[in-house]
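Please examine the sequence and the structure shown below before reading on.

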Amino acid sequence: MSVERLDLEVGGEGEDPDDILAALGQDLDGIDITSQGDEVLEQAAEFMEKHMDDSLIQQAVTQGMDLREYASQIKRDLHREENQTLTQYTKEGVKMARLYLEICGCDDVLKNMEQMLSTFQLNLSSISSEIDYLQEASTSMSQKLKNRQEVASELELVVEKLAVPEQMIKHIIETSVQEQAFSDSLVDLSNKIDYLKELEFLGALAACDIRNVVEKLRLKAVNKIRESIFDKIYQFRKPMTNYQFPQNTLITFKNFNEFLMAHSRDTALQVREEYIGTVGKVHFSYFKDYYSKIQKLEFEEKSTKDDVIAGEETGGRRASNLFGSNKHLLTNKSTIFTLGTRDEILTTKFEDPMILPHAQQRRFTYEALFRTIHYTLTDTCCREYLFLQDFFQLGKGTQELFNSIFDRTLNFLNNNVESCVNASYDSIGILLCINLIHRYNSMMEKRGVQALGIYWFRLLEVLWPRFLTIIELNVNSVKNADPQKLSHFDTRPHYVTRRYAEFSAAIVSINSNHPDARVDSALCDLQYVLQNFILQLAAEFLTKKDQLVFLINNYDMMLSVLNERGVAEVGASSGDVQGFQILLDKNTLEYVEHTLQTSFKDMIMFVKEAEPLVEEGNLDKLSIYEANIRKIAKNFAQNWKKIVDNISKDVLQSFSNFRGGGAIFQEILSQMLHYYNRFHKLMSNPPFKSLHLKADLLSIHQLMVEVRKLKLHFLN
């Protein structure tokens with residue numbers, strides 16, 4: 001066998017390694033290596049390289065085995081294995097035959113199953129078609145059912161809305177309007193009327209079937225409601241009726257008015273007009289009667305045009321606190337210039353119950369009557385406005401309806417207030433009324449009602465000009481006052497300044513509640529003319545001392561009143577207080593200086609003349625005082641206590657305010673001590689050193705001790 005044939009037989013892939021070795025051993029036996037040379041070796045090398053990857057060949061080569069023997073051994077092993085396999089197969093032959101028969105049986109069963117499944121598949125295809133058909137039919141039937149249900153539901157609603165139950169007809173015709181069944185049936189009827197209009201708009205023929213029935217029920221309900229509401233309105237007309245009770249009942253008929261407004265506008269308008277006419281007359285009659293009765297409670301004696309700050313005192317004598325001259329005038333006219341407790345109507349008495357004329361045994365000021373009338377008006381208007389807003393539901397039209405009811409009443413009150421105010425000369429009362437208006441306006445705003453804005457404005461247009469006119473009358477009275485024509489006056493506080501102080505404090509106190517620049521301007525004018533008037537009065541005194549005492553007493557009295565009334569705490573008028581304080585301090589210092597110059601004239605004149613000479617260094621000119629200096633020193637040391645005692649008595653007699661007089665006396669002592677200290681220092685300059693005045697001079701320390709004792713004694 002050649003090498004090429006061997007390569008062809010055993011060189012293919014996937015051959016058994018034992019077969020390869022056997023072929024290799026056989027071929028090697030026939031190869032003549034010496035005769036074929038290098039070519040055969042190369043072919044053998046290629047053959048070995050090709051099959052070296054086989055594990056058996058690698059093992060044989062590694063162990064150095066003879067390939068021919070190894071191939072023979074493998075062949076024998078294969079033959080043995082084959083014989084063993086045949087023997088085992090023969091033993092298992094029966095089993096294999098039985099297995100074959102079982103396989104054939106199974107194959108028949110599978111063929112039958114295949115036929116059955118094919119038949120079942122055909123049946124399933126038929127069933128699937130039937131299911132699709134049934135599904136389509138079910139969907140169609142479901143949609144038809146849904147459509148029919150929707151139509152039935154809509155028809156049911158339509159029939160329900162169209163149907164007029166016997167029970168509803170019975171309640172509308174027979175049941176009282178005050179029963180709940182009537183109200184419920186009225187709501188149902190309103191809904192049916194609205195639905196009927198909707199159907200008629202759409203052109204539905206079904207609307208014709210119930211139109212007559214519903215219309216008759218509507219007319220019946222409208223008539224019953226109209227009669228019921230009119231009955232309630234007519235109850236307002238009964239004498240001595242508290243209108244709040246029928247009004248509270250009428251508010252429960254609010255739904256009836258809503259029905260009329262929706263389904264019978266003419267009837268609703270009739271109801272509204274009847275209510276406006278009736279309630280308007282009731283309110284007008286009530287306030288007219290109340291006003292006429294309440295006005296009789298005002299003080300009979302009122303302020304007149306002569307009751308001005310610079311007007312003459314009645315009776316020829318001055319009261320200590322008030323300005324009338326007898327008890328009758330004090331009782332009725334004491335509050336012309338003083339505030340007293342009148343401002344309590346703005347605070348603690350602002351919300352007091354209304355004054356009942358038949359239950360009163362005393363008289364009132366005009367602002368107290370103004371408060372009770374307008375407190376009642378405010379409460380009534382708030383209640384009425386809220387009722388109109390709730391019952392008639394007109395929105396912005398409520399104000400117009402309110403005006404229709406109260407125009408006559410408000411015009412009546414405005415005319416009467418204007419008449420009273422124009423005849424009044426009580427500026428404090430008028431300013432209190434102005435502040436009351438602001439308070440009532442704020443109170444109505446808190447309640448959400450601003451129905452009286454125009455009325456308040458009209459009142460203010462009446463009150464403000466009159467107030468400013470009265471202030472101007474007072475200004476002119478002071479400006480044009482002739483001191484020589486006034487009643488006899490002395491150095492004590494003048495009644496004009498007292499009136500001014502009380503009046504100014506009252507006006508400032510009231511104005512602080514609702515500040516207005518017009519008031520401040522008017523008071524400035526009054527203060528200016530008063531200061532000029534005080535100076536004119538002071539000029540009537542013959543002596544400088546009396547003039548100063550008069551000015552100090554008046555300024556001190558005005559400051560005391562203003563501070564007592566708390567005017568200094570009001571920013572708008574704190575300048576007035578400061579101005580009077582400056583004038584008081586200025587005149588007090590001038591009075592102290594005048595008193596000392598009068599009592600210690602020689603010593604003070606010497607001090608004022610000698611001190612400039614010492615400061616200028618002209619000591620030689622002091623010699624002109626040597627002759628009198630010892631006399632001055634002795635006179636002061638011997639008489640100063642007596643002089644001070646006389647000054648103390650004079651201060652007590654001159655100044656009505658003890659505390660103010662005490663302050664002035666202490667200032668006199670302090671200034672006297674200051675002058676004497678200056679005098680004592682001058683004695684240390686030549687030529688006074690050589691006079692040996694120590695025995696005649698009072699020591700500074702001793703004088704200070706004595707002055708301190710005098711101050712304590714005066715205060716105690």
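The points that follow are grouped by topic.

The model is predicted: local features need pLDDT of at least 70, and side-chain atom pairs count only at pLDDT 80 or more, whereas totals for chains, interfaces and linings use all residues. Residues are numbered from 1 along each chain as its sequence is written, and side-chain values use heavy atoms, with hydrogens and water left out.

**Overall architecture**

- The protein has 26 helices and zero strands; helices (H or I, at least four residues) and strands (E, at least two) are DSSP runs, numbered from the N terminus.
- Of its 716 residues, 41% count as buried; buried means under 20% relative accessible area, exposed means over 50%, and partly exposed lies in between (1.4 Å probe, protein chains only).
- A contact means heavy atoms within 4.5 Å. Among contacts between residues at least 6 apart in sequence, 78% join residues at least 24 apart.

**Nonpolar core**

- A nonpolar core is a set of buried Ala, Val, Leu, Ile, Met, Phe, Trp, Tyr and Cys residues joined through side-chain atoms within 4.5 Å.
- The largest such core has 177 residues, and Y275, F606, M672 and F679 have the most contacts inside it. Helix α15 supplies the largest share of this core, 13 residues.
- When neighbours within four places in sequence are left aside, F606 is in contact with Y625, I629, I632, F679, L682, M683 and F688.
- In soluble globular proteins, nonpolar side chains tend to be buried together.

**Surface**

- The accessible surface of the protein comes to about 40,800 Å², and 52% of this belongs to carbon and sulfur atoms; accessible areas come from the Shrake-Rupley method with a 1.4 Å probe, and for residues only the protein chains shown count as cover.
- Y89, M96, L99 and I103 make a nonpolar surface patch of about 410 Å². Patches are made of residues with over 30% relative accessible area and no salt bridge, with like charges joined within 9 Å and nonpolar side chains (Val, Leu, Ile, Met, Phe, Trp, Tyr) within 5 Å.
- Helix α7 (residues 93-162) contributes the largest share of the patch, three residues. M96 lies in this helix and counts as partly exposed because its relative accessibility is 40%.

**Salt bridges**

- The structure holds 18 salt bridges, each being a side-chain nitrogen of Lys or Arg within 4 Å of a carboxyl oxygen of Asp or Glu. Side chains of opposite charge can pair when their charged atoms come close.
- K111 forms a salt bridge with D107, and the closest N and O atoms are 3.9 Å apart. Because the two residues are four apart in helix α7, K111 and D107 are separated by about one helical turn. K111 is partly exposed at 46% relative accessibility, and D107 is partly exposed at 37%.
- E215 forms a salt bridge with R218, with the closest N and O atoms 2.6 Å apart. Both residues lie in helix α10 (residues 207-234), three residues apart, about one turn of the helix. E215 is partly exposed at 35%, whereas R218 counts as buried at 16%.
- The side chains of D390 and K254 meet in a salt bridge at 3.2 Å, N to O. D390 lies in helix α15 (residues 366-391) and K254 in helix α12 (residues 254-263), so the pair ties together parts that are 136 residues apart in sequence.
- R342, E367 and D426 are linked in a network of salt bridges.
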